Amino acid sequence: MGLDALHPRVLKELADVTAESLGIIFENSWQLGKVPDDWKKANVVPIFKKGKEQDPGNYRPVSLTSVPGKIMEQVLKESILKHLEERKVIRNSQHGFTKGKSCLTNLIAFYDEITGSVDEGKAVDVLSLDFSKAFDTVSHSILASKLRKYRLDECTVRWVESWLDCRAQRVVINGSMSSWQSVSNGVPQRSVLGPVLFNIFINDREDGLQMTRN
C-alpha cells in the first residue's frame, strides 16, 4: 500500500480503464522532466529484521511511496538498465543489485582471487568496508553528474533530478505520524529506482585504489 492508500491491485484490475490516462501522465512527466509532488513524499515504516524487538537498531526503515509513481519508476528502470547493459557501464566487480549476481557470486570471486594469490606465494591482506546507511548518503548532485557521464538521455536525467529534489518523508508507526521532514540526500529505500541509481553512484568507487607490494 502506497502513500496514496491505493493498492496496486486496483490499478491492475482497472488497467483497461487507467492505462491510457497513466500513459499520458508518464509521457508528459518524462518529457518535461517534472515529477508530481505527491510522488516525492514517503511514509517511512519500520520493518523488523531480527533480534530483540525492543531494540530500534533491529528495524530497517522502508519508504512507502505513490503506486502510480512506482509504475513510472519501473518504466524508467527498464530503460536505464537497457542503456547500462548495452554500454557495459556497470563493472564486473559489482555484484549487488545486478542481474545474475549476488552475495554468493561475490564470495566466489573473492575466494578465487585470494586462493590464487596464496597459491602463487603472495602475501594477502584483506580490508573490509561497510557503507553505513549507504542509500541515505547518496549525493544528488554527484549522482546526476554520473548519470550524464554515462550518457543517459537528458529527459531521463532531468526526471531523476526532479524525482530526488524537494523530497519529504514522515515516520508512521501504529497509525501515529511524525511531521514532514525534507530529504536532501539519499535515494528512497525500497523504491524501484533506488538500487540501480545506487549502483551507478558507487560504480567508480574503486578508481584510484592502488595495491602496494613490499
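Student: What does arginine 148 count as, judged by its relative accessibility?

Tutor: The general idea is a scale of relative accessible area, computed with a 1.4 Å probe on protein chains only, where buried means under 20%, exposed means over 50% and partly exposed lies in between. Arginine 148, at 36%, counts as partly exposed. Bear in mind that this is a predicted model, in which local features need pLDDT of at least 70 and side-chain atom pairs count only at pLDDT 80 or more, while totals for chains, interfaces and linings use all residues. Residues are numbered from 1 along each chain as its sequence is written, and side-chain values use heavy atoms, with hydrogens and water left out.

Student: Which side chain does arginine 148 meet in a salt bridge?

Tutor: A salt bridge is called when a side-chain nitrogen of Lys or Arg lies within 4 Å of a carboxyl oxygen of Asp or Glu, and by this rule the structure has 6 of them. Arginine 148 meets glutamate 154, at 2.7 Å from N to O, and glutamate 154 is itself partly exposed, with a relative accessible area of 37%. In another of these bridges, lysine 122 meets glutamate 120 at 2.9 Å; here lysine 122 is partly exposed at 36%, whereas glutamate 120, at 55%, counts as exposed.

Student: How many residues of H7 are buried?

Tutor: In H7, 8 of the 9 residues are buried, so the helix is largely enclosed by the rest of the structure. Among these buried residues are Phe198 and Phe201, and the buried residues of H7 pack against helix H3 (67-86), H5 and H6, where packing is read from contact, meaning heavy atoms within 4.5 Å.

Student: How many aromatic pairs does a search of the whole structure find?

Tutor: Rings of Phe, Tyr and Trp (its six-membered ring) pair if their centres lie within 6.5 Å, and the pair is stacked with planes under 30 degrees apart, edge-to-face over 60 and tilted otherwise; the search finds 5 such pairs. One of them is the edge-to-face pair of phenylalanine 26 and tryptophan 39, at 6.0 Å centre to centre and 65° between the planes. Phenylalanine 26 and tryptophan 39 are both buried. Phenylalanine 97 and phenylalanine 135 are also edge-to-face, at 5.7 Å and 70°, and they link the loop between H3 and helix H4 (103-119) to the loop between H4 and H5, 38 residues apart.

Student: Which ring does the charged end of lysine 146 sit over?

Tutor: A charge sits over a ring if NZ of Lys or CZ of Arg is within 6 Å of the ring centre and within 35 degrees of the ring normal. The charged end of lysine 146 sits over phenylalanine 201, 4.9 Å from its ring centre, and arginine 167 lies over the face of tryptophan 163, at 4.9 Å from the ring centre.

Methods: Helix = DSSP H or I, 4+ residues; strand = E, 2+ residues; numbered from the N terminus.
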